[in-house]
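Hi everyone, thanks for coming. Let me walk you through a structure that may be new to you, starting with a picture.

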Amino acid sequence: MSAQGLAAFVRTSFEALANPEHAAPMAAYMKTEQPFYRIKKPLRVPVYRAMKREHPPADQAAYEAGVRALWALPHRECQYTAIEYATQHRRFITSASLPLYEELIRVGAWWDLVDPIASHLVGGVWLAERASTELLMDRWIEDECLWIRRTALIGQLRHKERTDTARLTRYCLARAHEQEFFIRKAIGWALRQHSWTDPDFVRGFLRDHREQLSGLSFREASKRIPDIRLTNS
């Protein structure tokens, strides 16, 4: 597999599926000037399957080259495909790939790109290599880039009972003062997601820290805990 061959395969496949007359509304919705092919995900899935089957990376260098080659293509769906490719090959979702994921977050800098990287890729490393990744997340939660901070907040979305609640608490409180919408939303999302696993923890957090949280964070976090919402309405 060559990165160039992978990129050419995806580009050719997507050009055959493109629906350009609907691309402009999609770009407007995503608040970007980047072009879209306007291919809905169910139509992209067969391309993803063929990509995984026909263009597997042989090693870490090939994995990173493949991700970057897809990311460099001009259409937004190609960045989605780069993330899909990175996620498909789980043996490379390790701490060795964290510099690549950080690069994509900083360059992508919008929720539709950052969030799957945060939850599937960074979060996957975090779950498998907890001790070393948490040291990095401790730096990321203080980073000047809001998308890096958002990643630290939502990186445990898929951790369920293995969520580090001490860090979840510390990270949410560390960023609770922020005015930034995407940070406030991330705090609420992280807490709401954990309420599926441990509603008592989230209920207690909301009771203890209600005054520190923005209205948005509280509303998002309490969506599955109606009793706490009524108490604080």
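Which residue lies over the face of Phe 218? It is Arg 210, at 4.0 Å from the ring centre. When I say a charge sits over a ring, I mean that NZ of Lys or CZ of Arg is within 6 Å of the ring centre and within 35 degrees of the ring normal. Arg 224 does this too: its charged end is over the ring of Trp 196, 3.7 Å from the centre.

A quick word on what you are looking at. This is a predicted model, where local features need pLDDT of at least 70 and side-chain atom pairs count only at pLDDT 80 or more, while totals for chains, interfaces and linings use all residues. Residues are numbered from 1 along each chain as its sequence is written, and side-chain values use heavy atoms, with hydrogens and water left out.

Now, ring against ring. There are 8 aromatic pairs here. Rings of Phe, Tyr and Trp (its six-membered ring) pair if their centres lie within 6.5 Å; planes under 30 degrees apart are stacked, over 60 edge-to-face, and the rest tilted. Tyr 63 and Phe 92 have ring centres 5.0 Å apart and planes at 25°, so this pair is stacked. Tyr 63 is in helix H4 and Phe 92 in the loop between H5 and H6, so the pair ties together parts 29 residues apart in sequence. Helices, by the way, are DSSP runs (H or I, at least four residues), numbered from the N terminus. Both Tyr 63 and Phe 92 are buried; that means under 20% relative accessible area, with exposed over 50% and partly exposed in between (1.4 Å probe, protein chains only).

Next come Trp 110 and Phe 182, an edge-to-face pair with 5.2 Å between centres and 65° between planes. Trp 110 is partly exposed at 22%, whereas Phe 182 is buried at 14%. These two also belong to one aromatic cluster with Trp 147 and Phe 181.

Most residues other than glycine have a negative phi. Arg 38, however, has a positive phi near 60°; this residue is in the loop between H2 and H3, and is partly exposed at 25% relative accessibility. Lys 160 also has a positive phi, about 50°. You will find Lys 160 in the loop between H9 and H10, exposed, with a relative accessible area of 53%.

Notes:
Helices (H or I, at least four residues) and strands (E, at least two) are DSSP runs, numbered from the N terminus.
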